[in-house]
Amino acid sequence: MSGKRTDTDDSTEPRTDDISEPEGSEARRAVRTDGGSDTRSDGGIVPQDDQAPTWSERKQRTQGLSRLTYEYFERSRREDEDLRRASDYVERDVLAFPTWPHEMIRNLAITSFFIGAMFFLAAAVPPHLPGPANANSTPAVILPDWYLYWSFGLLKLTPLNPELALLGGEKLVSDRVYGVVANLVVVSIIAMVPFLNKGAARRPVEEPGWAALGVGGVVFAFTIAALAVKNLIAATFPIGNHELFDVTFLLPLVAAFLAYAVLKTMREGYMFELNRRYFRLRPPK
Amino acid sequence: MADEFAKGFAILTGGGMVWMTISAWLTTESFEGTQLIARPPEDPGTYAQFALLLRDVTTWFVIFGVFAFWIGIPVFRELRAYLEDDAGAR
């Protein structure tokens with residue numbers, strides 16, 4: 001046993017059944033499930049592995065669905081541990097496959113597949129090679145690469161830069177500086193997220209609020225990228241620049257609201273499924 | 001469930017690669033013009049005709065394969081599980 005377990009553990013945890021009293025070889029033989037022979041005289045106690053959560057981790061999960069999920073997990077883990085303690089089960093020595101040949105063969109197969117796909121595409125569909133760029137003429141459309149459209153879109157927040165009456169209708173900062181500051185704000189918010197929520201939830205239904213925030217952020221990344229190419233959008237779709245600007249900020253809110261509503265609605269069904277599976281697995285006595 | 005997703009995904013990517021290759025050969029005007037979905041050539045030779053046929057085949061293979069593995073089979077299984085649960089409850 002590791003030092004994590006205390007005496008209070010035994011009193012608070014629900015006893016599963018009579019296998020918790022492993023003293024006496026008859027009880028041990030009754031629960032032995034691994035087919036091994038009763039050779040060890042010390043009961044074959046296997047220490048709790050380091051996968052088990054610490055007590056501080058346990059106390060953090062105190063409420064709601066995460067608590068329920070956690071209780072199920074903890075009870076099944078406890079039952080496994082009791083079974084192990086009661087039997088002469090010995091953990092295997094081999095914890096992983098060797099690098100050669102097992103892992104290497106698999107990796108070589110995957111690598112060969114992707115290299116083959118690249119060769120095939122490079123040979124069958126060769127990329128277009130345009131003529132050399134003319135350094136003396138500016139192209140009609142100047143854009144960064146597509147993955148930087150969101151940042152480029154944040155430079156086009158001119159309507160959000162307030163004209164202050166205090167300054168006689170002047171703007172506090174120029175639109176260009178305002179756009180750069182907007183980039184800093186967005187990046188700062190993204191950098192803060194890991195400190196606000198460490199992400200204990202395994203599924204979106206467990207944390208609908210944070211999941212909705214994520215959905216809103218993803219949708220905003222797309223809409224702000226669309227704002228960056230608003231001239232192309234206006235040429236392709238029947239939407240004006242003002243409407244596009246409004247949609248850029250409204251659509252993320254709508255998407256976040258919808259995601260929150262859907263996930264909140266799914267919670268009950270999820271808890272029902274969890275309960276049903278659990279009690280089918282371990283019927284109440 | 002994950003197996004069904006992988007099968008549908010393999011059909012989508014494998015069939016899509018064949019479709020994309022033939023489309024790049026035969027139904028692409030130019031880099032600046034319409035790509036992949038332009039009109040096929042007026043008088044294709046025998047090989048081009050066969051390739052265009054293969055393009056149609058892969059199109060429907062991808063559509064039906066993805067529909068079957070991502071929608072059809074899961075829906076069928078959900079329905080069957082639902083009906084079996086219903087029968088078990090009664």
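Biologist: How many residues does helix α5 of chain A have, and what does it reach from its first C-alpha to its last?

Modeller: This is a predicted model. Helix α5(A) covers residues 99–124, which is 26 residues. Its C-alpha span reaches 35 Å, close to the 38 Å expected at 1.5 Å a residue.

Biologist: How do I read the faces of a helix?

Modeller: An α-helix has 3.6 residues a turn, so residues three or four places apart point the same way. Then count buried residues. For α5(A) the count is 0 among its 26 residues, and the helix is hardly covered.

Biologist: What share of the 285 residues in chain A is buried?

Modeller: Buried residues make up 9% of chain A.

Biologist: Which residues form the largest nonpolar core?

Modeller: That core has 7 residues. Trp150(A), Phe152(A) and Leu154(A) belong to it, along with Phe220(A), Ile224(A), Leu227(A) and Ala228(A). Two helices, α6 (149–154) and α8 (208–228) of chain A, each supply at least two of its residues. The most comes from α8(A), with 4 residues.

Biologist: What does Phe152(A) touch, leaving out residues up to four places away in sequence?

Modeller: Phe152(A) touches Ala228(A), Leu143(A) and Pro144(A). There is also a second, separate core of 5 residues. Among them are Ala212(A), Ala256(A), Ala259(A) and Leu263(A).

Biologist: How many helices and strands does chain A have?

Modeller: Chain A has 10 helices and 2 strands. Along the sequence the pattern runs α-α-α-α-α-α-β-β-α-α-α-α.

Biologist: And contacts along the chain: what share joins residues at least 24 apart?

Modeller: Take the contacts in chain A between residues at least 6 apart in sequence; 74% of these join residues at least 24 apart.

Definitions and conventions
Residues numbered from 1 in each chain as written. Chains lettered and ligands numbered in written order. Predicted model: local features only at pLDDT ≥ 70, side-chain atom pairs only at ≥ 80, totals over all residues. Core = buried A, V, L, I, M, F, W, Y, C linked by C-beta atoms within 7 Å. Buried ≥ 20, exposed ≤ 12 C-beta atoms within 10 Å, placed from the backbone. Contact = placed C-beta atoms within 7 Å. Expected span 1.5 Å × (residues − 1).
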